[in-house]
Amino acid sequence: MDWSDVILLVLVAAILVLYLRLMRQNRHLRQMADEANRLRREAEATEQRNCQLKQEMTSNIAHELKTPVSSIRGYLEILLSDRPVDDDRRRHFLQRSYQQTLRLSDLIQDVSVINKLEESADLFPRTAVDARQVADEVVADLSDRAAAAGIAIHNRLPAMPLQGNAELLYSVFRNLVENSIAYAGHGADIVLETYKESPGHYFIHYYDTGCGVPDEYLARLFDRFVRIGEGRSRADGGTGLGLSIVKHAVLFHHGEIYAKNRPEGGLEFFFSFEKQ
């Protein structure tokens, strides 16, 4: 083999190596392009879903505002009309109007909390707080309402120091207890306890001994404005956002939550809070 053959072989080998490198680069570029397209499609789908959720939220809020606003308007029209209204009826209309304004205030507050959690969660400060003490506050604040409903609250939580937001922790316990007071039924018990602890999390078991909810609603229990029966939340004065706030507040504390019906009767929640 002379030098010309050697040079030819070297050139062929170099061209082959270059070709293989170009093929690998092209394959890598195609993979990068496919990944970019996938991310773009996911971003578009997420944006579309967010727009849909905001539209649903706006529609639901408008629907929820309609009833109290219409009620207040009707009462005021009667009071401002020339028709005679005795003192008892006047007082009744004013009381009903006041109750509807409280409902509007609660709805606005709950919507504000959810929007803030979804869009600006970092605005909620984290400080040293004991979740047990927060639960004690909720039990004290709702003790009269619970007693009136014939419900006993048993707070068996141990001390649970963590870095969190006291306002959101309060919302978790208060909304759960209020939900049980409203729907568990007379004579039910409410229990708060821990079922395990890890180096990074507390794990909490909350349950009542009431009637539970239909199984088909469990998967949607934390959705906004979900009604477990026609008009149920409105009749009891709720905004339909309480359990949605619970879920968002748990996620804020880097925890998880799920619910199920107890075999013995009632509804139970399992959730966690990160310690740090």
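Helices (H or I, at least four residues) and strands (E, at least two) are DSSP runs, numbered from the N terminus.

Before I continue, a word on the source. This is a predicted model, in which local features need pLDDT of at least 70 and side-chain atom pairs count only at pLDDT 80 or more, while totals for chains, interfaces and linings use all residues. Residues are numbered from 1 along each chain as its sequence is written, and side-chain values use heavy atoms, with hydrogens and water left out.

To remain with α2: its N-terminal end is capped by Asp86, a side-chain oxygen of which lies 3.2 Å from the backbone nitrogen of Asp88. Several residues of α2 are buried, among them Phe93, Arg103, Asp110 and Leu117. Here buried means under 20% relative accessible area, exposed over 50%, and partly exposed in between, with a 1.4 Å probe and protein chains only.

I turn to the sheet. In what order do the strands of the open sheet run? The order is β2-β4-β5-β7-β6, 5 strands with mixed pairing; two strands pair if DSSP finds at least two bridges between them. The edge strands, β2 (152-155) and β6 (257-261), each pair on one side only. On average, neighbouring strands of this sheet are turned by 20° against each other, direction ignored. Strand β4 (residues 189-197) is joined to β5 by 7 bridges, and the two run antiparallel. Within β4 and β5, Glu193 stands opposite His205.

Two helices pack on this sheet. Helix α4 (residues 166-183) touches β2, β4, β5 and β7 (267-274), and its direction makes about 175° with that of β7. Helix α6 (residues 242-252) touches β6 and β7, at about 30° to the direction of β7. These axes are lines fitted to C-alpha atoms, for helices over the stretch in contact, and the angles run from 0 to 180 degrees between N-to-C directions.

Now to single residues. Tyr202 sits in strand β5 (residues 201-208) and is buried, with a relative accessible area of 7%. Its contacts (heavy atoms within 4.5 Å) beyond four places in sequence include Met160, Pro161, Glu197 and Phe271. Phe271 is 69 residues away along the chain, yet the two C-alpha atoms are separated by 8.4 Å. A polar atom of the Tyr202 side chain lies 2.9 Å from the backbone oxygen of Pro161.

Asn165 belongs to the loop between β3 (161-164) and α4. Is Asn165 buried or exposed? Asn165 is buried, at a relative accessible area of 5%. Its side chain reaches the backbone oxygen of Pro125 at 2.8 Å, and Asn165 is also in contact with Phe124, Phe252 and His253.

His254 lies in the loop between α6 and β6 and is partly exposed, at 47%. Its phi is near 55°, a positive value in a residue other than glycine. Most residues other than glycine have a negative phi.

Finally, confidence. pLDDT is the predictor's confidence in each residue, from 0 to 100. The chain has a mean of 84, and 87% of its residues reach 70 or more. Confidence is highest in β5, at 97, and lowest in helix α5 (residues 232-235), at a mean of 46. Over residues 230-235 the pLDDT is below 50. Where pLDDT is low, the predicted coordinates should not be read in detail.

Methods:
A polar contact is a pair of N or O atoms within 3.5 Å; within protein, one must be able to donate a hydrogen and the other to accept it, and residues adjacent in sequence count only if both atoms are side-chain atoms.
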